[in-house]
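Please look through the sequence and the model below before reading on. The report then takes up a few places in turn.

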Amino acid sequence: MIGLLKRDLTLAIRAGGGFGLSLAFFLIFTTLVPFGVGPQTAILSDIAPGILWLGALLACLLSLDRIFQLDWEDGTLDLIATSPVPLEGLAAMKALAHWITTGLPLVLVSPVLGLLLNLPGPGYLWLMASLVLGTPALSAIGAFGAALTVGVKRGGLLLSLLVLPLYVPTLIFGALTVARGATGQDALTPLILVGGITLGSLAILPFAAASALRVNLR
Amino acid sequence: MNLRVTDLACARGPAQILAGVSFAVAPGQALILRGPNGAGKTTLLRTLAGLTPPLAGTIEADPDAIAYAAHADGLKSQLTVMENLLFWAGVFGTRDPAPAIAAFHLTPLLDRRAGEMSAGQKRRLSLARLLVTGRPVWCLDEPTVSLDAENVARFAAAVTTHLAAGGSAVIATHIDLGLPDATTLDITPFVAKRIRTDDPFAERMG
């Protein structure tokens with residue numbers, strides 16, 4: 001299973017792998033917000049937590065359809081399904097690879113973008129903490145959605161519609177963590193809820209994704 | 001007995017394709033599946049490989065005995081030949097890819113990316129994967145597509161070696177591979193009566 005992870009990471013970095021797409025989207029999206037909203041620092045400070053979390057979420061969404069689709073198209077998924085690797089393990093590794101290539105870079109650049117949006121000083125730690133805890137849930141939920149739509153050609157629209165409602169709790173509590181942290185209120189409670197969503201997703205969704213894959217491979 | 005199938009009924013999607021298929025493949029034996037396009041050879045092989053659950057009947061094989069090779073090569077075009085083989089070697093538990101490389105004459109191509117190879121070269125790599133799996137029962141779906149005569153001979157030699165080592169093979173093919181002791185099974189008699197008239201696979205023969 002470590003081989004699967006290594007292969008996915010290699011593929012992501014090689015030409016055409018799509019690594020950096022989400023990161024570039026996050027950078028562009030967040031950089032453009034001050035142009036659209038105007039340069040009033042008070043307004044930017046107010047909306048920064050929501051914008052940063054929304055940008056991270058949409059950036060994650062952008063690369064979801066690649067998780068299983070490429071392996072399905074070239075026949076690799078059939079062959080892995082007949083190999084000793086359990087599909088549950090495959091789903092978990094795919095989600096992990098997606099997080100390493102998408103979620104982790106977003107976490108690392110988020111403080112820089114916080115600066116662009118004039119995020120108040122105490123918010124940075126909460127921003128990174130909430131993204132570190134929250135983005136794995138986005139990857140796990142996304143892998144489940146990708147498994148559900150794996151047989152659908154150009155299934156990006158269906159995938160977005162399936163996944164977006166499931167992303168809402170993470171977005172609400174993630175953005176709330178940053179907003180409360182930035183204004184000096186108690187941010188621990190929403191942060192714990194974000195962690196809870198992530199743990200629940202990681203525990204349940206690889207199994208759900210594997211079942212969806214089995215149905216789609218029939 | 002490596003593989004015994006009793007009264008098997010297979011479906012593809014909502015449509016039942018085959019019914020009442022029974023055969024047995026002993027170690028060292030190859031079974032050639034024949035039948036016109038759309039008869040259900042791929043469906044039967046996918047059922048044997050465990051991708052599609054059978055509607056009825058039983059498949060007796062050791063767990064993890066079957067190596068499946070589909071129409072699609074299952075190669076990653078950004079990875080080199082060696083990386084592709086090592087990946088599958090890792091997935092199936094580390095086996096030495098050297099015999100596979102030798103059997104399909106891949107040595108000159110090892111550092112080539114799969115995306116830069118011809119269809120026939122990709123197929124050779126895809127077949128070499130079978131040797132890496134180390135599994136005894138090969139289920140092959142039209143393995144010789146886009147291979148030239150020389151490489152069909154290499155493939156036949158690889159199958160013969162596999163059979164001599166106590167393995168067995170179920171091969172859907174339209175050409176004569178020249179395998180010794182191969183039995184041929186025509187699946188046309190097992191084609192199920194189509195139940196649905198709007199069946200998307202309903203291009204019927206006979």
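The following sections describe one residue, some annotated spans and a contact between chains.

## About the model

This is a predicted model, in which local features need pLDDT of at least 70 and side-chain atom pairs count only at pLDDT 80 or more, while totals for chains, interfaces and linings use all residues. Residues are numbered from 1 along each chain as its sequence is written, and chains are lettered from A and ligands numbered from 1 in the order in which they are written.

## Ala169 of chain B

Ala169(B) belongs to strand 7, residues 168-172 of chain B; strands (E, at least two residues) and helices (H or I, at least four) are DSSP runs, numbered from the N terminus. Ala169(B) is buried because 27 other C-beta atoms lie within 10 Å, where buried means 20 or more such atoms, with C-beta atoms placed from the backbone.

Leaving out residues up to four places away in sequence, Ala169(B) touches Ala30(B), Trp138(B), Leu140(B), Val159(B), His162(B) and Leu163(B), a contact being two C-beta atoms, placed from the backbone, within 7 Å. The C-alpha atoms of Ala169(B) and Ala26(B) are 9.3 Å apart, although 143 residues separate the two along the chain.

## Annotated spans of chain A

An unreviewed UniProt entry places the feature "transmembrane region" at several spans of chain A, including residues 96-117 and 123-150. Residues 96-117 of chain A are 95% helix and 0% strand, with end C-alpha atoms 29 Å apart, and residues 123-150 of chain A are 93% helix and 0% strand, with end C-alpha atoms 38 Å apart.

## Where the chains meet

The contact takes 20 residues from chain B and 21 residues from chain A. On the side of chain B that touches chain A, the largest share, three residues, comes from helix 2 of chain B.

How values were computed: A residue is buried if 20 or more other C-beta atoms lie within 10 Å of its own, exposed if 12 or fewer, and partly exposed in between; C-beta atoms are placed from the backbone. UniProt positions are given in the numbering used here, feature names are shortened, and annotations may be inferred rather than shown by experiment.
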